[in-house]
Amino acid sequence: MASNFRIFIDNNSDGVGLKLAGDFDGTSAYELVYVIKKLPEDTVKLYIYTNGLKTIHPFGLDIFHKFMRSLNGQSAKIVFTGNWASQLE
């Protein structure tokens with residue numbers, strides 16, 4: 001994992017927010033996938049805030065996109081926001 005990568009979890013009335021910070025590499029992607037998989041099944045919305053990211057490495061992006069494709073339609077409840085949102089979607 002990039003030594004500066006962090007995920008801050010914020011539970012709110014709409015669902016769960018994950019604030020990403022630091023560099024997003026392959027191990028960071030696996031960490032994010034792990035956090036998403038551990039969320040309760042009844043999570044209505046998942047907000048992923050990307051403004052805290054400094055860089056996104058192609059390998060990390062590839063890992064995360066493969067995970068998103070495996071969600072079989074459940075990715076509709078994931079909302080990306082911030083400067084890097086379009087790359088992670």
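**Exercise 1.** Which residues does Thr43 touch, not counting residues up to four places away in sequence?

*Solution.* Start with the ground rules. The model is predicted: local features need pLDDT of at least 70, side-chain atom pairs count only at pLDDT 80 or more, and totals for chains, interfaces and linings use all residues. Residues are numbered from 1 along each chain as its sequence is written, and side-chain values use heavy atoms, with hydrogens and water left out.

Step 1. Locate Thr43: the loop between α1 and β3. Helices (H or I, at least four residues) and strands (E, at least two) are DSSP runs, numbered from the N terminus.

Step 2. List the contacts (heavy atoms within 4.5 Å). Thr43 touches Val16 and Lys77.

Step 3. Check burial. Thr43 counts as buried because its relative accessibility is 11%; buried means under 20% relative accessible area, exposed over 50%, partly exposed in between (1.4 Å probe, protein chains only).

**Exercise 2.** Give the strand order of the open sheet and find its edges.

*Solution.* Step 1. Two strands pair if DSSP finds at least two bridges between them. The four strands run in the order β1-β2-β3-β4, with mixed pairing.

Step 2. β1 (6–12) and β4 pair on one side only, which makes them the edge strands.

Step 3. Look inside the sheet. β2 and β3 run parallel, joined by eight bridges. Phe24 stands opposite Ile56 in β3.

**Exercise 3.** Find the partners of Leu88, not counting residues up to four places away in sequence.

*Solution.* Leu88 touches Leu20, Phe24, Thr50, Leu53, Ile56, Leu61, Phe64, His65 and Phe80.
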